Amino acid sequence: MTGGRKLVLRGQMVWDRLVWGLGQIRRALVERGFWPAYEVTVVTPTGASASILETRLVPRNSKGVADGLVVSEANCLRGELNLPNLRRVELGTAIQEALWRLSPIPPDQIVYAWDAAPDAHTGWQVQWLMCRRGLQLDMLAQHGLADNAPVYLSHSGRVYAVRGAAWDAQRKRQRRRNGLAGAALLFVLAALLTLPLMPLVFKRQAVAMALQHVQELEIQAAPLRQKLDELRSQAKVGEDVSKSIKADIPLASLMDRLSAALPDDAWLDRVEVNGREVRVTGLTSNANELLAQLARQPGLADARATGANVRDGTLNKERFTFEMRWRADGAQP
């Protein structure tokens with residue numbers, strides 16, 4: 001057997017055991033009255049009336065017409081057998097062949113019932129019961145029941161159905177009830193789960209409505225946002241102009257400082273202003289003394305000569321070029 005085939009078979013075995021386990025849970029619920037089930041009214045070996053819930057025999061006080069028959073354990077053979085790993089749908093055929101080999105009488109003269117449970121070592125463990133078909137027919141006729149009425153074999157307080165046409169019809173009716181009960185159970189579970197989820201649903205709905213409201217406000221605020229952007233742009237321009245105004249040198253104050261520093265025999269040919277940097281060119285009788293005088297002015301700082309002073313022989317004066325930095329009025333260099 002290939003690895004893929006083994007994997008598929010193992011998956012089928014796991015599924016069969018899961019279905020068997022769910023069936024056992026349903027059986028326990030039915031026998032305790034917690035799950036709807038099709039009840040069969042039967043005649044017990046003592047002649048009393050009883051109802052059957054899965055494998056449980058429940059006494060009844062009513063004298064109604066019985067639907068089936070229970071054969072006592074004293075009239076049955078019982079035993080156990082182990083089967084290998086088979087699919088649940090194959091169990092019926094495998095058990096039938098095994099019981100035909102174990103039967104002390106011909107196979108067509110017996111009726112049997114069985115119950116299988118998964119076994120960890122051998123696959124399936126089967127408990128079986130067997131009785132003579134002639135005995136079954138005699139008991140059915142004795143109680144006025146049809147030959148195809150449901151028949152159950154008893155053992156240790158439990159009853160097990162003889163599988164046939166009556167058992168198949170009962171299983172179909174029970175499947176319909178199982179479907180209805182399962183749907184009702186799912187509906188109840190969904191309702192119970194919905195209750196704690198409702199706050200989350202409402203919260204999500206509130207968040208969605210809030211987002212929709214925000215989107216509507218954004219659409220309405222688009223023109224206002226454009227105007228605000230224009231105002232911010234204008235404010236930035238105004239701020240830049242204000243900074244520029246504050247950064248510009250007051251030319252009147254600058255000329256006053258230069259006039260105060262220049263001696264009477266000196267004059268300026270050129271004054272250049274670049275931001276707070278000032279450059280002056282002119283003639284004076286003593287350039288070094290003029291540079292020192294400019295350095296002492298409160299509005300000027302970092303006064304320096306940019307080149308060597310050149311004496312003009314015609315005018316008997318020194319030509320100078322000085323650079324300095326303007327400071328605020330009253331500030332000391």
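Visitor: Let us settle on Ser156: does Ser156 count as buried or exposed, and what is its relative accessibility?

Guide: Happy to take you there, and please keep in mind that this is a predicted model. Ser156 sits in the loop that links strand 8 (151-155) with strand 9 (158-161). Its relative accessibility is 55%, so Ser156 counts as exposed, because the exposed class begins over 50%. The backbone deserves a glance too: Ser156 is not a glycine, yet its phi is positive, at about 55 degrees.

Asp302, however, belongs to strand 12 (residues 300-305), and with a relative accessible area of 48% it is partly exposed.

Setting aside neighbours within four places in sequence, the residues in contact with Thr284 are Pro263, Asp265, Ala266, Leu290, Lys317, Glu318 and Phe320.

One last stop is the surface of helix 4 (residues 165-247), where you will find Leu185. Leu185 is partly exposed, at 42% relative accessible area. Together with Leu186, Phe187, Val188, Leu189, Leu192 and Leu195, Leu185 forms a nonpolar surface patch whose members share about 740 Å² of accessible area.

Technical notes
Residues numbered from 1 in each chain as written. Predicted model: local features only at pLDDT ≥ 70, side-chain atom pairs only at ≥ 80, totals over all residues. Heavy atoms only, no water. Patch = residues over 30% accessible without salt bridge, like charges linked within 9 Å, V, L, I, M, F, W, Y side chains within 5 Å. Areas by Shrake-Rupley, 256 points an atom, 1.4 Å probe, with all protein chains shown as cover. Salt bridge = Lys/Arg side-chain N within 4 Å of Asp/Glu carboxyl O. Helix = DSSP H or I, 4+ residues; strand = E, 2+ residues; numbered from the N terminus. Buried < 20%, exposed > 50% of the residue type's maximum accessible area, 1.4 Å probe, protein only. Contact = heavy atoms within 4.5 Å.
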